[in-house]
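Please look through the structure below. Some of the terms used to describe a protein rest on cut-offs, and the questions that follow set values against them.

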Amino acid sequence: MGVLLFSLLRLLVLSFITLALTPQQALASITRHYKFDIQLQNVTRLCHTKSIVTVNGQFPGPQIVAREGDQLLIKVVNHIQNNISIHWHGIRQLRTGWADGPAYITQCPIQTGNSYVYNFTIVGQRGTLWWHAHISWLRSTIYGPLIILPKHGVPYPFTKPYKEVPIIFGK
Ligand SMILES: [Cu+2]
């Protein structure tokens, strides 16, 4: 009886120590919120100004940063005259196919004056991907980086780089 009690007590103490020492950040996944306002914007490149379709007036579009295991809630609001949808290129949509983005395939496009919240969780993926419009030629100006960091305390499977800079090719 005494031995059993001692074992139980030891287990309890060890569990407590383990829990107390485990950084909570390493376990925690969070929900990250983004808002994409699809809007026209005058953009100047090489001394030439054009009105183009953008996300939040930015070209290229805003950078999304998340950690593996995080849930992303991205509200897309359509302020332009065209229908729109956004595809999260390379994201495995596990049981969230309706968040994948191809218009007329996995969703109806977001119509003028309407919005849609893309809701998905990043599972088993890390690295830099990208997002882009997935309807007609709006993809030519609607795109940006999607950066997935490993969970806190988990390294990349290579030496930590001195510096990281996202590079986006477009035309
Ligand atoms: Cu794509």
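**Salt bridges, burial and the core**

Q: What makes Arg-32 and Asp-70 a salt bridge?
A: A salt bridge is a side-chain nitrogen of Lys or Arg within 4 Å of a carboxyl oxygen of Asp or Glu, and the closest N and O atoms of Arg-32 and Asp-70 are 2.5 Å apart, so the pair qualifies. This is a predicted model, in which local features need pLDDT of at least 70 and side-chain atom pairs count only at pLDDT 80 or more, while totals for chains, interfaces and linings use all residues. Residues are numbered from 1 along each chain as its sequence is written, and side-chain values use heavy atoms, with hydrogens and water left out.

Q: Why does the pair of Arg-32 and Asp-70 tie together parts that are apart in sequence?
A: Arg-32 belongs to strand β1 and Asp-70 to the loop between β3 and β4, so the pair joins parts 38 residues apart in sequence; strands here are DSSP runs (E, at least two residues), numbered from the N terminus.

Q: How many salt bridges does the structure hold, and which side chain does Glu-68 meet in one?
A: The structure holds three salt bridges. Glu-68 meets Arg-126 at 3.0 Å, N to O, and this pair links the loop between β3 and β4 with the loop between β6 and β7, 58 residues apart.

Q: How do you know whether Glu-68 and Arg-126 are buried or partly exposed?
A: Glu-68 has 12% relative accessibility and so counts as buried, whereas Arg-126, with a relative accessible area of 41%, is partly exposed.

Q: What makes a set of residues a nonpolar core, and which members touch the most others?
A: A nonpolar core is a set of buried Ala, Val, Leu, Ile, Met, Phe, Trp, Tyr and Cys residues joined through side-chain atoms within 4.5 Å. The largest one has 27 residues, of which Ile-38, Ile-74, Trp-88, Tyr-118, Phe-120 and Trp-131 touch the most other members.

Q: Where is Gln-93 found, and why is Gln-93 called buried or exposed?
A: Gln-93 is found in the loop between β5 and β6, and its relative accessible area of 16% is why Gln-93 is called buried.

Definitions and conventions: Buried means under 20% relative accessible area, exposed over 50%, partly exposed in between (1.4 Å probe, protein chains only). Helices (H or I, at least four residues) and strands (E, at least two) are DSSP runs, numbered from the N terminus.
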